[in-house]
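Morning, everyone. Let me put the model on the screen, and then I'll walk through it.

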Amino acid sequence: MQENQYDQLLKDVERIKKCSLITKQEISKSIDSVLELLVEAKHQINEPMEIEDQEVRRRKIKDSINNLDEKLREKKPLKSVIDSHKKYFQYLSKYGKNIEKIFKSDINNVFKDTLVSFEKECVNEAIAEHLLIEKKFELYENFLKETGLSHKIDKEKQNILKTIQKIFDEFQTNQLNEAIKWAQTKKEELEDLDSPLLFYLHRLQFIQNLQKGKMESIQYARKHFKDFFNQKKFADQAQQVMFYILLENGKIQDHCQLDQSYKQVEELLLDNYCKIYNLTIKSALLQCLIAGTLALPKFLKYTQISSMDEELKDYHNKNEYPIEVEIGKDFKYHSIFVCPISRDVIEPDQNPVWLTCGHVISEASMKKITASANKEKFKCPTCPKEMTARETKKIYF
Ligand SMILES: [Zn+2]
């Protein structure tokens, strides 16, 4: 998309914004003027008369209403509103047309069938997985049945997700029973994760009880904090929690920063839950869609340029693009190593080489350098340091 076209769209938006403001003012002005006339008429009608003559009064009311009617006809408040609205919609429709004109790129051109082969079953599985993560259980089962993939229905995962939904539904109303029940059954796994979740949940429950009555909380603490007092990492915190008993009722909420605590515990719960069940809460399908949308403008631009450039056309049959597409760190799932010499991304089964000077290059690049050097020692491609291949070390990520 060219710069000036983009500017045109911005201008359109500005115009619409301005017009919408004027329309709003116009409507407000019209309403005010009608109100003014109504108030004036009301005053005239209610004006006290010296002689209370029904006939005179009736005539006066009639005159006032006729007068009001005449003035309203003269001012035409509705017309000015309609006129300014008309203009607003004109601008809006022009904007829509300009968008269509500018974004006419055909995204089909971007798609390289040599690079991606769509396996229908694979796509269907991804859709099903998405439905499952979105907790649309019925839809999930029906979808798999209709696509002939009934055997893929994962009852176990469904149950796991149903449980977390129940826990979080409860959590929304600050109830912790389900969460505590679950955390207690997963005590060992949580300990393996070195997670303080169970303690945090009990602490929240204790504070909740504290707001209801102190005796109840003390009993709760006796029952559930015993274990934590014996654990070094929780002992201090558990003691601190016991001091909350001394707080005045009204101050508990603020002092314990309850709202924040709920949020933190909820996040920890979700994190631990996913780790224990080896579950991902992010839908792969949605992630792909977002990544694709973010990358699309760059691919569109590349497609336009490459159609005119002979050298780039050759890339069409290759298994890669000659451009880098940055879509943000949220989409980086694992580290990659790009060799500073060959600019190649190192495959997971290869290891980069650490040179004695501290520079790191790919093994392939090092082999090329050592092969071209006619003595045992070779020079680092970045700095003047010399070394032998035996002195270098492989790096494992
Ligand atoms: Zn070096």
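I'll take the metal site, then a helix pair.

This is a predicted model: local features need pLDDT of at least 70, side-chain atom pairs count only at pLDDT 80 or more, and totals for chains, interfaces and linings use all residues. Residues are numbered from 1 along each chain as its sequence is written, and side-chain values use heavy atoms, without hydrogens and water.

Zinc. What coordinates the zinc ion? Cys357 (SG), His359 (ND1), Cys380 (SG) and Cys383 (SG), at 2.0 to 2.3 Å. Donors here are N, O and S atoms within 2.8 Å of the metal (3.2 Å for Na, K and Ca). Along the chain their spacing reads C-x1-H-x20-C-x2-C. The donor angles are 106 to 114°, so the arrangement is tetrahedral (four donors, all angles between 85 and 135 degrees). The ideal tetrahedral angle is 109.5 degrees.

Now the record. UniProt puts "domain: RING-Gid-type", from an unreviewed entry, at residues 339-383. Such annotations may be inferred rather than shown by experiment. That span is 22% helix and 13% strand, counted as DSSP runs (helices H or I, at least four residues; strands E, at least two). Its end C-alpha atoms lie 15 Å apart.

On to the helices. H6 covers residues 155-172 and H7 residues 177-185. Their axes, lines fitted to C-alpha atoms over the stretch in contact, come within 7 Å and cross at roughly 140°. Who meets whom? Lys166, Ile167, Glu170 and Phe171 in H6 meet Asn177, Glu178, Ala179 and Trp182 in H7, with contact meaning heavy atoms within 4.5 Å.

Note on methods:
Axes are lines fitted to C-alpha atoms, for helices over the stretch in contact, and angles run from 0 to 180 degrees between N-to-C directions. Four donors count as tetrahedral if all angles lie between 85 and 135 degrees; four count as square planar and six as octahedral if opposite donors are over 155 degrees apart and all others between 65 and 115; anything else is irregular.
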